[in-house]
Amino acid sequence: MLMGADPLDLARVQFALTAGTHFLFVALTLGLATLVALTQTRATVSGSAVHARMVRFWGQLYVINYAVGIVTGLVMEFQFGLNWSGLSRVTGNVFGAPLALETIVAFFVESTFLGLWIFGWDRLNRWVHLALIWVVTLTAYLSAYFVLVANGWLQRPVGFVMVDGVARLDDVGALLANPTALLAFFHVLFGGLLTAGFFMAGVSGFHLLRRTAEVEFFRRSMRIGLLTVMVSVMPVVVFGGMQFQYAQPTKTGGHKAAAAVADFTARFGPDDYRAPVLAGVGEALMMTMWMLMLLVAAVALVKFPFGRWLVRGRVFHVLMIAAVPLPYVAMVAGWVFREVGRQPWMVYGVLKTRDALSPGVGAGTITVSFVAFSVLFAVLFGVNAWLLARFARRGPEGAGLGASPPVEPAAPVMSPTF
């Protein structure tokens, strides 16, 4: 059935699967890096032993998610050259600029300093070691910003001129300050914190439900997770709602949508310029997930001041475990609304998706890559989930991050015999 499918549809579904899967890694990475950095700050300033152990445990889960997520990001990049060379040919001078900055300025710095943080444990001054994790965190957000600058330009192209059918960047400030990028950045920032907060509270709830001996450890972790959820749940919807003022007219409906359809028909010929129904489904699912998260945050607000309730509330522990997937579902649904609602445009009002497809790519070629990428990403997602569950289940005693290697006993010195 895949062999007879439209190459454009296959390429679109393939990119949707890989990009959506990759974003699930990114959200937890951004949020968990922030919480680890804040926890290490507390441990470094106060000398708290329990917070130092928390850094090792939650930091190990962060490193696992980051490492697997990097692989998904690198694989996803290949699709631009394989399936979407038309995008690079027409708009590469603009669209490629923030992606190049993301790779050179942010990614390499982030990965280098993360390596120093991992292998510099107990080898570097504690303040230097703390500075490393903050550099990692800030460059992670810088990386996300550059990616959203590129995506924001697809949504609302600004700061460019068309020269002989090719987009040329003529206003860097307009590109970097594009409201669709800035608002999306803060939306993703708080979405990442919300994801990490639910993740930390869910893992803590799992251990408290099992009557762990590490009560103080997971009580404090639960409080950090719940506080993060309560702080992030409203800003994430505020910055999400602010983006509607910049939404494409064809996505919002009404008189503006009709006028935009008429304008595009006159300029580019007849086509289905209205947002697909799937975009509306994504919007509805996203808002439903947010309302559920708001209810959980309200329950957390009631229980937060009472430490005994956090430790003994078994129903609450089950609730927090069950709530872990909520931000993930909301993110995927929001991404569908943002991306699918732009169709049939790759770059809104500039380049149609069908024109961005690589020329000469047949259904057979895309089918092979579709199957290969889908299987690879499914395996990576499964491996990441398995590793996170395995090391989260072990608890702080099983955290190997920053642990000193075992010292081999010295071989006995044999006295020479005469």
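View 1. Lysine 352 is buried, its relative accessible area being 8%; buried means under 20% relative accessible area, exposed over 50%, and partly exposed in between, with a 1.4 Å probe and protein chains only. The model is predicted: local features need pLDDT of at least 70 and side-chain atom pairs count only at pLDDT 80 or more, whereas totals for chains, interfaces and linings use all residues. Residues are numbered from 1 along each chain as its sequence is written, and side-chain values use heavy atoms, with hydrogens and water left out. Lysine 352 forms a salt bridge with aspartate 271, with 3.1 Å between the closest N and O atoms; a salt bridge is a side-chain nitrogen of Lys or Arg within 4 Å of a carboxyl oxygen of Asp or Glu. Aspartate 271 lies in the loop between helix H9 (254-268) and helix H10 (277-303) and lysine 352 in strand E4 (residues 351-352), so the pair ties together parts 81 residues apart in sequence. Helices (H or I, at least four residues) and strands (E, at least two) are DSSP runs, numbered from the N terminus. Aspartate 271 is partly exposed, with a relative accessible area of 25%.

**View 2. The salt bridge of glutamate 214 and arginine 53.** The search of the whole structure finds ten salt bridges. In the one between glutamate 214 and arginine 53, the closest N and O atoms are 2.8 Å apart. Glutamate 214 belongs to the loop between helix H6 (179-209) and helix H7 (215-242), and arginine 53 to helix H2 (residues 49-83), so the pair ties together parts that are 161 residues apart in sequence. Glutamate 214 counts as buried at 18% relative accessibility, while arginine 53, at 29%, counts as partly exposed.

View 3. Arginine 219 and glutamate 216 both lie in helix H7, three residues apart, about one turn of the helix. Their side chains meet in a salt bridge of 2.9 Å, N to O. Glutamate 216 counts as partly exposed, at 34% relative accessibility.

View 4. Strand E1 (residues 160-163) and strand E2 (residues 166-169) run antiparallel and are joined by four bridges; two strands pair if DSSP finds at least two bridges between them. Valine 161 has arginine 168 in E2 as its bridge partner. Two residues lie between the strands of the hairpin, and aspartate 164 in the turn has a positive phi of about 55 degrees.

**View 5. Aromatic pairs.** The structure holds 23 aromatic pairs; rings of Phe, Tyr and Trp (its six-membered ring) pair if their centres lie within 6.5 Å, and planes under 30 degrees apart count as stacked, over 60 as edge-to-face and the rest as tilted. Phenylalanine 268 and tryptophan 345 form an edge-to-face pair, 4.9 Å centre to centre with 75 degrees between the planes. This pair links distant parts of the chain, with phenylalanine 268 in helix H9 and tryptophan 345 in strand E3 (residues 345-347), 77 residues apart. Phenylalanine 268 is partly exposed, with a relative accessible area of 32%, whereas tryptophan 345 counts as buried at 0% relative accessibility.

**View 6. Charges over rings.** Lysine 303 lies over the face of phenylalanine 316, at 4.9 Å from the ring centre. A charge sits over a ring if NZ of Lys or CZ of Arg is within 6 Å of the ring centre and within 35 degrees of the ring normal. The charged end of arginine 394 sits over the ring of phenylalanine 391, 4.7 Å from its centre.
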